[in-house]
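Please look over the sequence and the 3D structure below. This briefing covers pockets and the residues that line them.

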Amino acid sequence: MRITSIPATFKPSGGIVTQPTAEAVEPPPAAPTATDDLYAAWQNMTAKDTANTPVAQLLTLLGIRLIEVDPEGLEDDTIGSFIGKVGEGIVVVPRTMPQADREPIVRRFLDQIGTEYKVLKERDPKGRMFREARLKIECFEWCTEDHSEPQFADDIIHAGQPAELELTGETGDRVPLLHSRLGVDPFSPDTVQRKPHVVLDDEQSMYFLPPMQALEFADEMTAFADEVRAQAQRATQGSEVPKPAAPAVAELGHYPWCDTDACNTHRYDASDGGGTYVEHIGATYDMPIPEAMSVMHDQLLSFNLAADESAVDASALLSFNSGGEGTTLDVAETDQAITNLEAALSALRAMRAQMVQEKQA
């Protein structure tokens, strides 16, 4: 939500706003007090009556308060603002502005008000008015904000369900480290914020990332998580930090990931024109099983890369096995397997945390 120059106590939407630097002077109670009566009295005044009535009396008649603030208390390019309606409104003008310039601004605001809430801002020294209406707009399916009622444009944002990164502190409390959520601020001056983006909050600052930048950040977080995991494993094993592995260099006719001793060279039948083709096999990773558990081949999961040059599609596939029964996965299917494994790992971690919880009395 963007900060405005209107004090929060007078903003119906409850937005965080800049406070005036001097206390407002309460006008005497207006009479009649009913909004409709005030508005009727205002409408019944002739143009001559209005012109001849001092501004202070008009404000009292309409139940409007005038607050004078330092220029920095107003938004950029704003030289005056109004929020509210007849009977409960506020006009804000800079105290450094000459009286001859302030009075026309106030009168122009009064000409615009009625019995419905409005936000009016004057940004043009020539007196051009900019009206900010209460709006009702279509919402995104992921938005958790309530847009069922019209809102002021400055207050409209779309926000998704946040993701939280927390750490357990010394006292057992969860300490927030990082938050992320989807967001759209349709009336922001920042073009990034006007489109769907990711909002990152590190408890100190907020960062607004367009989709591609958010994906890059996610990759950096993944690399960071891998390094933390490796550090934890080294701490557990008490081993020294291993040297970085040399980049893989493919032998001629093989992929960089090939286990060339395991790759198989086959010959085509003479009826197929003869020649040879290679069945490429990558290094295999076997996930060990817990002690006393029995599965085929003594592995919970096993996977390796493979590519068959004789196949119609000779691209690399992931050979994904469990207990001896397996399948091959393409890129999209491998991504889905990764998602499923990550979800299973999250569930495993959650259950591990629950193992130390005591029964409720």
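The largest pocket has a volume of about 1,100 Å³. Of its 23 lining residues, A225, D226, R229, L345 and R349 are the closest to the centre. The model is predicted: local features need pLDDT of at least 70, side-chain atom pairs count only at pLDDT 80 or more, and totals for chains, interfaces and linings use all residues. Residues are numbered from 1 along each chain as its sequence is written, and side-chain values use heavy atoms, with hydrogens and water left out.

**Terms**
- A pocket is an open set of points on a 1 Å grid over the protein atoms alone, where a 1.4 Å probe fits, with protein on both sides within 12 Å along at least five of seven lines; lining residues have an atom within 4 Å of a point.
- A volume is the space filled by probe spheres set on the points, which are joined across faces, edges and corners.
- Helices (H or I, at least four residues) and strands (E, at least two) are DSSP runs, numbered from the N terminus.
- Ala, Val, Leu, Ile, Met, Phe, Trp, Tyr, Cys and Pro count as nonpolar; Asp, Glu, Lys and Arg count as charged; the others, Gly among them, are polar.

**Largest pocket**
- α6 gives the largest share of this lining, 10 residues.
- The lining holds 12 nonpolar, 4 polar and 7 charged residues.

**Second largest pocket**
- Its volume is about 490 Å³.
- β15 (285-287), β16 (301-308), β17 (317-322) and α7 each supply at least two lining residues.
- α7 gives the largest share, 6 residues.
- The lining has 11 nonpolar residues, 1 polar and no charged ones.
- Among the lining residues are Y285, M287, F303 and L345.
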